[in-house]
Protein chains: 2
Amino acid sequence: MADRAELGPRKAAVLHAVVEAYVRTGEAVGSESIAEHAGLGVSSATIRNEMAALEELGYLGHPHTSAGRIPTDAGYRHYVDTLPARGRLRDAQRRAIAIHFEEAILDLEEVLKGSVLLLSRLTQYAGLAVPPGASEEQLVRLELIDMGPTLMVLAVGQHGRVDKQIVDRPEELGAPALAAAERKLRALQGSTYADSQARLLRMAAAAGSDEHDLLLIVADVLRVATRGERAAHVVVGGASNLADETQAWRRETLRRLFATLEREQEMMSVLQDVAADDVSVTIGAEHPTTAAWEASIVTAPFRSGDATVGTIGVVGPTRMDYLSAMASVRAVAERLSEIATELDG
Amino acid sequence: MADRAELGPRKAAVLHAVVEAYVRTGEAVGSESIAEHAGLGVSSATIRNEMAALEELGYLGHPHTSAGRIPTDAGYRHYVDTLPARGRLRDAQRRAIAIHFEEAILDLEEVLKGSVLLLSRLTQYAGLAVPPGASEEQLVRLELIDMGPTLMVLAVGQHGRVDKQIVDRPEELGAPALAAAERKLRALQGSTYADSQARLLRMAAAAGSDEHDLLLIVADVLRVATRGERAAHVVVGGASNLADETQAWRRETLRRLFATLEREQEMMSVLQDVAADDVSVTIGAEHPTTAAWEASIVTAPFRSGDATVGTIGVVGPTRMDYLSAMASVRAVAERLSEIATELDG
DNA sequence: CCTTAGCACTCTGACGCGGAGAGTGCCAGT
DNA sequence: ACTGGCACTCTCCGCGTCAGAGTGCTAAGG
């Protein structure tokens with residue numbers, strides 16, 4: 001893999017033109033069309049030489065001897081990394097975003113679901129998001145609810161998250177012990193999930209054996225809410241866009257793609273792998289999971305204040321309109337950051 | 001559309017054989033293969049005559065002049081309605097079901113998600129379910145939570161359902177008024193969602209104007225939980241099975257199918273339309289929505305005691321192994337009924 | 001030394017053709 | 001009422017052909 005500094009300006013321009021033409025048409029692009037439309041002022045023969053060099057360097061591929069060129073993953077990567085400008089949204093897109101964020105914001109979870117659908121409509125790919133974990137959120141309720149043979153642990157966060165878990169009732173736990181435990185839990189209301197979890201662990205260590213178990217269970221519910229481990233959910237929306245006729249996926253690839261989107265656990269780990277500070281792009285084989293899909297992921301974190309609280313983005317074919325996808329993802333992530341910051345303020 | 005009593009026993013047998021062969025192979029089936037394998041003791045010429053008659057009656061179709069026959073929706077319908085016996089599960093399927101329902105049952109919602117996935121694995125189609133509404137469930141908690149500029153209405157049901165909604169705080173509602181309202185709500189704990197809703201409406205009529213609005217909002221949360229209207233969620237699992245290579249769907253049909261599966265609202269109404277007492281089958285154009293998919297739905301209700309509380313089933317191509325799908329859906333619905341009844345008892 | 005015109009070459013995709021195979025529909029005979 | 005026989009009709013497959021697109025190379029020119 002050649003260092004991209006090696007690419008002269010004309011080679012870069014040719015690569016750029018090939019990527020854009022291929023993304024637009026979906027067909028292998030020949031030297032003639034580049035010479036005519038890219039405005040480089042050189043003949044197709046020169047373009048051919050450049051293309052051959054770009055192929056040698058691994059940026060372009062050849063379906064067969066006498067077809068045009070197609071970008072490789074490395075080609076897309078170079079294209080994305082050297083994009084001269086941030087993409088601009090079309091007016092209709094800008095308006096759609098504005099309208100979407102106009103309505104009163106009550107529940108971040110709901111906003112996120114809506115935003116994922118918005119992104120899928122804006123880009124015609126599938127939208128996805130990882131909602132915030134709870135660690136720095138304040139608990140406004142922490143309850144143990146007696147459900148007969150079982151108990152429900154219920155935690156409500158400051159910004160509207162509700163986590164519940166139903167657990168087996170520890171042996172011999174009578175109503176008085178339950179009430180006593182619940183009093184202790186009420187004392188945690190107002191502190192953050194992370195703090196509460198730590199305090200619960202300390203309280204458990206100091207408590208009698210039946211209360212001990214119970215407090216550990218509650219701590220575990222908070223742990224799950226914090227890190228989103230077991231109940232880890234990734235919000236997916238507009239996946240049907242991926243089945244669109246214009247996407248070149250083979251049936252089997254499409255099946256795998258859908259299957260993975262259904263497995264939240266796996267999606268979560270993919271999204272964590274690709275996380276970055278700003279808009280980030282993962283192309284085809286750059287990640288083992290996306291390689292199996294022949295797909296790319298564009299994501300951006302959204303923040304509350306300075307802290308990253310979640311991730312939102314899209315999945316689409318490697319032959320993706322990266323400029324527009326990145327612009328859409330960036331715009332939506334920015335609005336989400338505003339909302340998250342406001343809700344936290 | 002001919003009344004199916006008109007079909008003689010041999011025509012029925014031929015139709016039966018055609019459906020089974022077509023479901024198995026996916027290819028149009030000719031008279032010869034039926035004559036050989038169906039054991040009717042007549043020649044292919046006779047089968048041909050019967051097939052021509054069945055086509056005339058609308059049960060079979062013809063991709064082109066000299067291809068074999070393919071069942072129409074009406075053909076499948078007759079086949080399903082005259083199935084002589086209930087399908088038997090294969091041992092592996094029986095075992096998978098047994099294992100799945102072995103673990104301790106804590107949360108019906110979780111069980112339902114698991115059951116949908118189980119069904120999708122058993123049948124290789126997509127599983128789907130409508131979870132129980134709450135109307136006859138008892139409220140164990142009904143709370144108003146102060147979240148600063150907003151309020152959260154939180155309802156917890158006897159069997160572990162949790163419904164929340166964040167609403168704008170009515171103007172001028174101070175902490176004392178909130179506490180007063182919450183005391184009233186506590187009085188509802190122990191009665192059913194349906195009763196509580198009715199009582200709330202009466203209380204609202206009697207209350208002062210600021211409390212009035214608040215109580216109506218709470219009543220509405222219960223209404224939504226009861227009927228599952230807005231937050232209506234349909235559990236879908238294993239949708240990726242539908243993208244399997246062996247399914248003959250065109251790309252566009254597949255896209256529509258996925259798109260509808262994402263729209264919970266619409267799925268809900270489809271499932272309500274096809275609801276029945278026992279296992280029910282909706283084939284292709286029998287329902288406008290499934291017609292657009294060229295798909296069939298097999299569902300069965302599950303009950304708590306005598307009352308139907310939810311629905312579970314599968315969606316697959318019209319060329320579906322109905323016998324096996326019906327057996328799987330029936331078996332899972334029965335186990336769910338046991339669990340629901342037990343949780344209610 | 002870089003660029004370009006020219007040209008031979010290669011590969012795909014569309015088209016048409018013909019034969020094999022599958023299956024039908026119908027008729028006449030039992 | 002059933003069946004054997006048969007002509008007929010389609011599809012599917014392999015084949016050869018042809019046009020078109022695009023390449024790679026070479027030799028000439030700035």
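This is a predicted model: local features need pLDDT of at least 70, side-chain atom pairs count only at pLDDT 80 or more; totals for chains, interfaces and linings use all residues.
Start with chain A on its own. Chain A has 13 helices and ten strands. Its C-alpha trace spans about 90 × 40 × 35 Å along the principal axes. The radius of gyration of chain A is 25 Å, while a compact globule of 345 residues would have one near 20 Å. Buried residues account for 43% of the 345 residues in chain A. Now the contacts within chain A. Take those between residues at least 6 apart in sequence: 62% of them join residues at least 24 apart.

One residue as an example: A:Val130. A:Val130 sits in strand 3, residues 126-130, of chain A. Is A:Val130 buried or exposed? It is buried, because 25 other C-beta atoms lie within 10 Å, and the cut-off for buried is 20 or more. Which residues does A:Val130 contact, leaving aside neighbours within four places in sequence? They are A:Val234, A:Met268, A:Leu271, A:Gly310 and A:Thr311. A:Val130 and A:Phe302 are 172 residues apart in sequence, yet 9.9 Å apart in space, C-alpha to C-alpha.

Next, helix 13 of chain A, residues 322-344. Its 23 residues should span 33 Å at 1.5 Å a residue. The end C-alpha atoms are 32 Å apart, so the span agrees. The buried residues of helix 13 of chain A include A:Tyr322, A:Met326, A:Val329, A:Val332, A:Leu336, A:Ala340 and A:Leu343. What do the buried residues of helix 13 pack against? On the helical side, helix 4 (73-81), helix 5 (91-100) and helix 6 (108-123) of chain A. On the strand side, strand 8 (280-283), strand 9 (295-304) and strand 10 (307-317) of chain A.

A rotation of 180° with 0.0 Å of shift along its axis superposes chain B on chain A, with an RMSD of 0.2 Å. The two copies are therefore related as by a two-fold rotation axis. The same surface serves both copies, and 100% of the contact residues of chain B recur in chain A.

Let me stay on that interface. There, 30 residues of chain B are in contact with 30 residues of chain A. On the chain B side, strand 4 (139-147), strand 5 (150-157), strand 6 (162-168) and helix 10 (251-262) each give two or more residues. Helix 10 of chain B gives the most, with seven residues. By class, the chain B side has 16 nonpolar, four polar and ten charged residues.

Last, the DNA. Helix 3 of chain B has the largest share, four residues. The surface near DNA strand C has six nonpolar, ten polar and three charged residues.

Then strand D. At least two residues each come from helix 2 (31-37) and helix 3 of chain A, and from helix 3 of chain B. Here the largest share, four residues, belongs to helix 3 of chain A. The surface near DNA strand D divides into six nonpolar, ten polar and three charged residues.

How values were computed. Residues are numbered from 1 along each chain as its sequence is written. Chains are lettered from A and ligands numbered from 1 in the order in which they are written. Ala, Val, Leu, Ile, Met, Phe, Trp, Tyr, Cys and Pro count as nonpolar, Asp, Glu, Lys and Arg as charged, and the others, Gly among them, as polar. Two residues are in contact if their C-beta atoms, placed from the backbone, lie within 7 Å. A residue is buried if 20 or more other C-beta atoms lie within 10 Å of its own, exposed if 12 or fewer, and partly exposed in between; C-beta atoms are placed from the backbone. Copies are superposed by least squares on the C-alpha atoms of residues with pLDDT of at least 70 in both. The expected span of a helix is 1.5 Å times one less than its number of residues. The radius of gyration is taken over C-alpha atoms; the globule rule is 2.2 Å times the number of residues to the power 0.38.
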